[in-house]
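Here is a friendly note for anyone opening this model for the first time. Take a look at the sequence and the fold, then read through the points below.

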Amino acid sequence: MTRAVVSILAAVALVFGAVACGEDDSNDEFKNQYNAAVRPLNQLGDDVVASLTSAGGGSDRELARRLDNYAERAEQTRRRLSELEPPGDTRDQFDDLLAALEQSVADLRAVGASAREGDPAEAQEATKDLIESGQRLRSAESDFRNAVEG
């Protein structure tokens, strides 16, 4: 399952990479709160990339444990974000972002479950779902950032 591990971790890194709102003067308070809330996602992406170098060295259970940890960290970020009040008329884009992040977390948990079960076919399917939800997350984040930055 070593090849699958590398594919899984690469997918996770793509999903939870750098996210942030720009630094212009409008909506500064919200942007600062948002950037602070998503900072752990950036760290998570960095951690996943770092773990790619040692991806083949662990068991399926170790991989599952690592993925569960990543999912919990992403879920904590989603909870922090949900406590923010987005500016003006960006609520719909913000809700779309939260929904996309929630789906990505669920898909990440499914990848972890497939690793725990040691099922390469299930892991491949779950990873595909994670990549797709990650693309939706990236799109939702971009739409939201564009709405905030006007």
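1. Which residue forms a salt bridge with Glu125? The partner is Lys128, and the closest N and O atoms of the two are 4.0 Å apart. A salt bridge here is a side-chain nitrogen of Lys or Arg within 4 Å of a carboxyl oxygen of Asp or Glu. Glu125 and Lys128 are three residues apart in helix H5, about one helical turn. In an α-helix there are 3.6 residues a turn, so residues three or four places apart point the same way.

2. A word on the basis of these values. This is a predicted model, in which local features need pLDDT of at least 70 and side-chain atom pairs count only at pLDDT 80 or more, while totals for chains, interfaces and linings use all residues. Residues are numbered from 1 along each chain as its sequence is written, and side-chain values use heavy atoms, leaving out hydrogens and water.

3. Now the overall fold. The protein chain has five helices and zero strands, where helices (H or I, at least four residues) and strands (E, at least two) are DSSP runs numbered from the N terminus. Of its 150 residues, 41% count as buried; buried means under 20% relative accessible area, exposed over 50%, and partly exposed in between, with a 1.4 Å probe and protein chains only.

4. After H4 comes Gly118, whose phi is positive, near 70°.

5. Back to charged pairs: the count comes to 10 salt bridges. Arg109 pairs with Glu72, their closest N and O atoms being 3.4 Å apart. Arg109 lies in H4 and Glu72 in H3, so this pair ties together parts that are 37 residues apart in sequence. Within H3, Glu75 forms a salt bridge with Arg79 at 3.5 Å between the closest N and O atoms. Glu75 is buried at 13% relative accessibility, whereas Arg79 is partly exposed at 36%. Together with Arg78, the residues Glu72, Glu75, Arg79 and Arg109 are linked in a network of salt bridges.
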